[in-house]
Amino acid sequence: MILVHEGGHFLAAKACGVRVLEFALGLGPAIFKKRFGETEYCLRALPFGGQCVMDGEDDDTPNDDPRCFNNVAPWRRIIILVAGVVMNFILGFLILLCLYAPAEGFVVPTIDSFMDKFTGGGEYGLQEGDTLLEIDGYNIYVSSDLNMALGRGDDSLYEIEIIRNGDRMTLHDVRIEPQPYELDGETVYYYGFYMQQVPATPGLVLKVTAGSSINMVRLVIDSLRMLFVGEANVTDLSGPVGISAMMSQTARQDMSSFWYLAALIAINLSVMNLLPIPALDGARILFVLYEIIAHRRANPKVEGYIHGIGLLVMLGLIVFVTFNDIWRLITGSAFGG
């Protein structure tokens, strides 16, 4: 994933005429390096991160070299900075596409039928054949969104946007409550409706893939929101060690789940790198946008200090979550033990 991300920066830089001095995977001392043309390719000892070092990117010394990063047009710099994020998203999309392509059919967010205890039907409620678009403003991209959307409500009344007989309409105050049902001698709770399953077509495969990809973006954003408002704790974060352990555990259980997790991590990286955090692509893009709006560059030294401090904070966070991951692995409390 790092290779794909940094490769996006690399290809975009070459296409935009920027000189790339080094393309490296990993951090720390180089264990292998080879120069081809003007670029040195390195494999470094620590398997964390990577870099695409462009001429003049972090150099505050003015020069007139047209192939320096800071001397190309701002829109070209934005393309270069965004390219890594785009490549990570494309990677996640392609992984999901490969997972869904062999499917013979999909469950879609269109109501097929109701259970006997369903509470939200009737003239002003849901009907068979309704396609659900939104529940209390929460977009329904794939059928698995329904439980998440219904679980977000503070009560049992929902505003639901649907398509019925080709017309888009909104249902107000639809009461949907989970009801008890007996299953194999146990009591389970269901909202009380079945969704349609339809045969797979190339168009539907692409639609489900796109919906799942967007859903993953939303999941990452919701997780960040929970972190900032205190609904989640920084100790819940995982770094490379924890992610590797989780993916290893998932691979032993089910390879489809492993690849689904890989797609989630790839899309997670794309969202995280767009955040306006110093040293990440999002913050660098903000500085370029400032230059476009203000018609002048931010002070290069100030920008360098900001990115440097951000990098130190990020490295500190990586050390913290890595220690936390190792501790959880040692104590057997990681990822369900």
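Biologist: In which element is L27 found?

Modeller: L27 is found in strand β1, which covers residues 20–36. Strands (E, at least two residues) and helices (H or I, at least four) are DSSP runs, numbered from the N terminus. This is a predicted model, in which local features need pLDDT of at least 70 and side-chain atom pairs count only at pLDDT 80 or more, while totals for chains, interfaces and linings use all residues. Residues are numbered from 1 along each chain as its sequence is written, and side-chain values use heavy atoms, with hydrogens and water left out.

Biologist: Why is L27 called partly exposed?

Modeller: Buried means under 20% relative accessible area, exposed means over 50%, and partly exposed lies in between (1.4 Å probe, protein chains only). L27 has a relative accessible area of 34%, so L27 is partly exposed.

Biologist: Which residues make the nonpolar surface patch?

Modeller: The patch, of about 510 Å², is made by L27, L46, L311, L312, L315 and I318. Its area comes from the Shrake-Rupley method with a 1.4 Å probe; for residues, only the protein chains shown count as cover. Residues of a patch have over 30% relative accessible area and no salt bridge; like charges are joined within 9 Å, and nonpolar side chains (Val, Leu, Ile, Met, Phe, Trp, Tyr) within 5 Å. At 34%, L27 is over the 30% limit. Helix α8 (residues 300–331) gives the most to the patch, with four residues.

Biologist: What makes the pair E161 and R168 a salt bridge?

Modeller: A salt bridge requires a side-chain nitrogen of Lys or Arg within 4 Å of a carboxyl oxygen of Asp or Glu. For E161 and R168 the N to O distance is 2.3 Å, so the pair meets the 4 Å limit.

Biologist: Are these two partners buried or exposed?

Modeller: E161 has 18% relative accessibility and therefore counts as buried, whereas R168, with 56%, is exposed.

Biologist: How many salt bridges does the structure hold?

Modeller: The structure holds 13 salt bridges. Those that share partners join K14, R19, E38, D55, D65 and R67 into one network.

Biologist: What makes a group of residues a nonpolar core, and how many residues has the largest?

Modeller: A nonpolar core is a set of buried Ala, Val, Leu, Ile, Met, Phe, Trp, Tyr and Cys residues joined through side-chain atoms within 4.5 Å. The largest has 19 residues, and L126, I135, I160, I176 and F193 have the most contacts inside it. A second, separate core of 18 residues includes V108, F258, I265 and I267.

Biologist: Which residues are in contact with F193, leaving aside its neighbours within four places in sequence?

Modeller: With contact meaning heavy atoms within 4.5 Å, F193 is in contact with S113, F114, M115, F118, L146, L150 and I176.
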